[in-house]
Every structure is written in C-alpha cells, then in structure tokens.
Amino acid sequence: MSRSIVFAWAAAFVLVCFVPPALAQKLNPDLSVIGDVRAQAVDTDGESTQSLELHEVEVGLAGALNPYASAAVYLGIHGTEGIEVEEAKLTLDRYLPASLALTAGQSLLDFGQINPRHRHAFPWLDAPLMHQEFFGEDGARDVTARLDWLAPTTGVAIRASAGVLGGTSLLGGHDHGAEDDSGDTEEDAPELGASGRLELFAEPSGSVSFAIGGSVLHGVYDPADGAHATWLDVDAKFNVDLGPARKLVLQVEGVKGTLEASEETSTQDPTGYFAVADLRLDRRWNVGGWAESTAERAEDSIRTNRYGGFVGLQLMEETTVFRVVARRTSPDEAPATNELILQALFSLGPHQSHRF
Amino acid sequence: MHRILIGLGAAFLALTPRADAGEPLRVVASTTDVGAIARAVLGDDASVEIVARPDRDPHALEVRPSTMRLTAKADFYLKVGLSLDLWADDIVRGSRNRDLKVVDCSQWVEVLEKPAGKVDLSQGDVHPEGNPHWWTDPLNAAAVARGLADAFGRARPDDADRFRTNAETFAAEAERRTAAWRERAGGARFAEYHRSWVYFAYRFGAEIVARVEPLPGIPPSARQLQETADVLKATGVRAVFRDPYQTPSPVRFLEREVGARDVLIPTSCEEPTPESYFAHLERAIAALEAR
C-alpha cells in the first residue's frame with residue numbers, strides 16, 4: 001500500500017509541477033471523480049447485519065499528450081484502506097503504422113469484455129466472482145506493454161492484441177487493504193507473463209450487433225516453484241436495439257484456468273462463468289439480472305454460485321445514479337448469503353464515451 | 001524469427017488501405033446533417049458515412065468497433081463540435097488512422113447561447129462553448145459548406161474548384177430557402193422539449209415560448225410541467241417539438257391538459273444528403289404552419 005501512495009503522490013506532483021501556469025487551464029487533462037456510496041443489508045443463515053459505507057472514490061486524469069498519444073491515470077480510494085493506482089497508462093493511438101496501437105503502463109487487462117471496464121460501470125455492482133477469485137478483488141490488472149491491431153476488414157471489425165505482463169495479476173488474490181507482499185523476496189517476485197485477445201464485432205442488422213472474443217493469459221503463478229498458469233476466456237455480447245432510447249444487452253463470459261502442480265497444491269482446473277441481461281427501458285431506467293459461478297482457484301472442486309437482480313435510475317446521464325441490487329451468494333462450504341444493496345454513485349467531470 | 005517478424009510487418013502494411021490522390025475523398029461525419037453538407041460539397045461520388053442515427057441521442061452515443069474500422073479508412077472526420085459529440089475523440093483515437101484530418105465544423109458557425117460566467121452542471125447538461133444544434137440554421141450550414149470546401153480542397157487540390165462551386169451552389173440554395181422559410185415561419189410560436197431548435201427559431205424569426213426540460217437534460221417535475229402547460233394555455237401555442245429518443249410522457253400530459261400537439265421530429269435529417277437536409281427543415285416549417 002505504501003508504495004502505491006508514494007507512486008500516486010509522485011504522479012500528482014509531476015502533473016502539477018510540469019504544466020506551465022499559462023497553459024494550466026487550457027491544457028489540463030480531463031479530471032473526473034466518481035464516488036460510490038453503499039447501504040447494505042446482509043442476511044447469512046438468519047444473522048442480519050446492516051452497513052453504510054463509502055465503498056470507493058475513483059479519481060481519474062485523462063487527456064491527449066499530443067496528436068498521436070494519450071494517457072490516463074486512475075486512482076482508487078477504498079474506504080480507509082488507502083490509495084491504489086488502478087490504472088496509469090500511455091497509449092500511442094495514432095502513431096504506429098498498420099492500424100496498430102501500443103499501450104504501456106498499469107491497466108485492467110484486455111481479458112474478456114467485462115474485465116477492462118471500471119467497476120462503477122457495472123449495474124450488478126462488483127467484478128464477477130470468477131475474476132475476483134482468480135485475479136483479485138478488482139479483476140485482472142497488471143503492468144503491461146500491449147500491441148492492439150485493428151484488422152483492415154469490411155463488414156465485421158476484428159481486433160487482436162498481444163502483450164507482455166509484469167506478472168502480478170497471475171499471482172492472484174490481491175484484495176483492497178491486503179498487504180502487497182509480492183516481490184518481498186527474490187523467490188516470490190513475479191515473472192513476466194503474456195496476454196492475447198481476438199475479438200470480432202458485427203452488425204448483422206440495424207438493430208442487432210454483437211461481439212464475440214477469446215482471451216488468454218499465461219505465466220508463472222507460483223514463482224517460488226516456477227509453476228505456470230494459463231487462463232482462457234471466451235465471451236459474447238449481444239446488443240438488441242429496441243427503440244430510440246431502449247435496448248437489451250445480453251452478455252456471457254466463461255473462464256477456464258490450468259494451474260500446474262506446485263509444492264503446495266496439485267494441478268487445478270478452475271472454471272467460472274458470468275451471464276447478465278440488462279434492459280434499458282428509457283434514458284433513465286434500466287433493469288436486469290445475472291447468474292454466475294466460480295470454482296476456487298486453489299481447490300477447483302469447491303464452487304460459489306451467485307444470482308441477483310438490479311434496477312438502476314440515472315437522474316442525468318451518469319452524473320447521479322442510484323442502483324438497487326438484490327443478490328444471493330451460495331458457497332459450497334458455507335451458508336448462503338442474501339444481500340440487499342442500495343448504491344448511490346456520483347460523477348464529477350466530463351462524461352466518458354460509451355464503448356460497446 | 002527476424003524473417004517472420006519482418007514478414008508480419010510487411011503484411012500489416014500491405015493490408016492497410018490508403019487513399020490515393022486520385023480517389024474520391026472518404027468522409028466520416030458525426031451526424032447526418034454534417035454528412036449532408038459534406039456530400040453537397042464533395043458531390044455524389046464521395047463516400048460519406050455517418051456515426052449517429054438521427055433518431056438516437058447524439059449526446060450519449062455508444063462507440064462501436066465498426067465505427068472505428070470505418071474511420072480507419074477515412075480521409076476526414078467531421079465533428080459537430082461545441083461538446084455535442086465528445087465521443088468523436090474516442091472514435092478518432094480508436095481508428096489508429098494517422099492521416100485522418102479531424103475538422104470541427106462549429107468553427108465556421110455563428111454560435112448562440114454561449115454561457116457567460118461560471119458554467120457547471122447545476123445549470124443542467126449545458127454546453128460551455130454554446131448551444132451545439134447549429135445545423136438547424138441553413139445559413140450556418142452554408143458557412144460550413146464553404147469552410148469544408150477549403151478543407152477538402154487542400155487535401156485534393158485538383159478538385160478544389162469543383163468543391164468551391166458545389167459549396168456555393170449549396171449556400172445559394174440555403175439562402176434562397178431561408179428567405180422563403182422566413183416568410184412562412186416569421187412570428188410563429190412553438191414549444192420544444194430540449195434546447196434543440198434555438199438556431200432555427202432565431203434564423204426564421206420564430207419564438208420558442210416554453211420548454212419541457214426546465215434545464216438542458218433535466219426531466220421536469222410535476223410542478224414544472226404544470227407551469228409549462230399554463231404557458232401553453234396562456235399563449236395558445238400547441239406544437240411541442242420532440243426528438244424520438246425523448247421521453248413522451250411529459251408531452252402526453254401536455255396533450256391532455258391543454259391539447260398540445262406532439263411534433264415528433266428528430267433534430268437531425270434522415271439521410272446524409274442535401275435533399276434530405278432541406279426536406280427535414282421544410283418538415284419543421286410545415287409543422288409550425290399546421291394548426
């Protein structure tokens with residue numbers, strides 16, 4: 001945590017000090033602050049608890065560096081647990097030839113369609129259980145250098161990416177507030193990994209569009225033993241346009257891991273899936289439901305299942321959003337938990353574009 | 001290994017299409033109206049593609065990979081500007097197109113409703129540089145046509161004269177129609193849902209007596225809606241211009257309360273052609289004349 005704080009303050013110092021005052025107003029990056037406040041009622045095996053918390057504050061700085069490159073820094077503040085660099089990345093958007101782009105820095109990995117999105121954009125609130133279980137509370141995030149290629153096709157859009165990773169995402173299990181002990185010794189320092197993704201987008205009619213894709217992450221998950229992990233993802237998203245302000249989004253993702261045996265564990269093949277339907281009723285309201293399941297990373301025969309429903313209200317686009325989420329989580333080896341969560345989300349700053 | 005890498009690099013380069021100097025310009029425009037002006041300047045043989053459908057909210061568009069792919073092959077990207085199509089920047093960046101020329105068409109228009117003093121979202125979804133719906137004034141469209149003719153002419157010097165002639169033809173038609181429409185719409189009064197028709201009213205001497213939204217992008221409360229109904233009743237105005245993506249229920253209330261007329265008309269024209277652009281404004285003028 002302390003390293004994250006130092007890095008965050010260093011980034012802020014650089015931003016403040018190296019912008020000439022005369023240019024400060026015009027050339028400031030876009031600044032956004034998103035707050036996530038939650039009221040929660042939880043029932044586990046007849047025992048009820050209630051809580052009210054500032055779940056997260058995200059501070060984002062993003063902008064163009066020059067005509068060919070952009071950069072973005074997102075800092076996450078999780079309750080009293082400290083500041084975390086969620087993303088800090090440089091992208092050469094329009095510099096390389098042949099429709100290539102290069103992203104370098106810490107970022108949410110290009111693994112599936114859900115993982116690269118920021119958590120406050122999820123109407124179901126949290127990262128899918130499988131991402132939390134396999135990679136940590138916020139999903140797969142790592143320092144990466146990645147090349148993206150947009151194929152020169154007509155009719156369908158094909159995107160492919162390939163990159164190298166710092167390797168911390170493969171160690172798994174990073175939670176907010178947990179001490180980051182990766183790399184404390186030479187033995188358990190993360191080793192470089194690799195990522196890849198292929199995605200196809202098509203619009204068969206004016207009202208239906210879909211994207212299907214597959215991703216892979218590979219590298220060492222147990223540096224002390226040199227044990228490797230390979231994670232495969234397949235995903236699909238369908239967007240059905242039901243009218244000028246109404247649409248249905250159906251999305252499904254599945255992840256399968258193969259973890260080599262190490263001194264501590266036998267070979268594990270954990271799997272997980274996530275499926276969601278989100279119906280936007282008009283410019284303000286959306287409703288939906290989801291189901292998901294994941295095996296434990298270290299013991300693939302033990303699973304946790306979850307299903308739930310959500311209702312969202314946007315007062316004015318994304319500036320003020322209220323969501324009510326009801327969900328039931330059933331682990332194999334623990335009593336089921338029922339939760340009712342009211343989320344109030346506020347967003348200061350310019351609106352980001354909506355990606356498919 | 002080196003040979004493989006060099007081979008892959010060569011394949012990427014070979015697969016990336018580039019426009020030749022003799023080919024018609026390829027243009028991607030944020031909206032149909034900007035596309036219509038571009039087509040008027042370029043002529044029928046040009047490729048003009050549109051990002052936002054006219055019946056969808058241009059303030060909040062979903063950026064699709066197919067749009068980036070389209071823009072990857074374009075020579076020009078034409079923005080509406082004035083912070084209406086902020087998503088255009090994402091499309092431009094996502095296109096990876098190093099040679100793409102990005103043109104903000106609002107640079108040539110007479111901007112209305114530029115906010116003075118501090119601007120923030122307590123004033124609703126306000127645009128800091130001014131009202132962005134400039135294309136509902138045909139004289140703005142004429143100015144943009146002339147500006148685009150220069151921009152396109154620099155990219156295709158051999159066609160510069162043709163572009164200028166086309167722009168002047170379009171501008172002359174816009175001016176001729178503006179004079180005629182002003183005769184028909186001058187003094188007319190109407191209501192609108194959003195601040196979409198401000199330029200239209202200004203150019204043709206019409207008056208917007210009420211708005212459904214109390215502030216841009218903010219839905220009305222019951223009390224505010226009743227106040228709008230009172231204004232319509234007092235002024236005798238019945239026509240309420242509404243975009244298809246805007247919630248109909250407030251206008252249904254006005255229909256019941258004061259016999260308001262729901263004029264369902266997108267702010268943008270249907271097709272990116274000059275004919276569609278003029279037909280769209282003709283439809284708006286006719287809606288004002290209807291009783």
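In chain B, helix H8 (residues 222–235) packs against helix H9 (residues 249–258) at an angle of about 45°, their axes being 10 Å apart; helices here are DSSP runs of H or I with at least four residues, strands are E runs of at least two, and both are numbered from the N terminus. Axes are lines fitted to C-alpha atoms, for helices over the stretch in contact, and angles run from 0 to 180 degrees between N-to-C directions. H8(B) and H9(B) are therefore oblique to each other, the class left once under 35 degrees is roughly parallel, over 145 roughly antiparallel and 65 to 115 roughly perpendicular.

From H8(B) the contact takes B:Leu225, B:Thr228, B:Ala229, B:Leu232 and B:Lys233, and from H9(B) it takes B:Pro250, B:Phe253, B:Leu254, B:Glu257 and B:Val258, where contact means C-beta atoms, placed from the backbone, within 7 Å.

This is a predicted model, in which local features need pLDDT of at least 70 and side-chain atom pairs 80 or more, while totals for chains, interfaces and linings use all residues. Residues are numbered from 1 along each chain as written, with chains lettered from A and ligands numbered from 1 in written order.

Chain B has a mean pLDDT (the predictor's confidence in each residue, from 0 to 100) of 90, with 92% of its residues at 70 or more. Over residues 8–19 of chain B, however, the pLDDT is below 50. The model scores ipTM 0.78 and pTM 0.85.

Finally, 30 residues of chain A are in contact with 32 residues of chain B.

Conventions. Contact = placed C-beta atoms within 7 Å.
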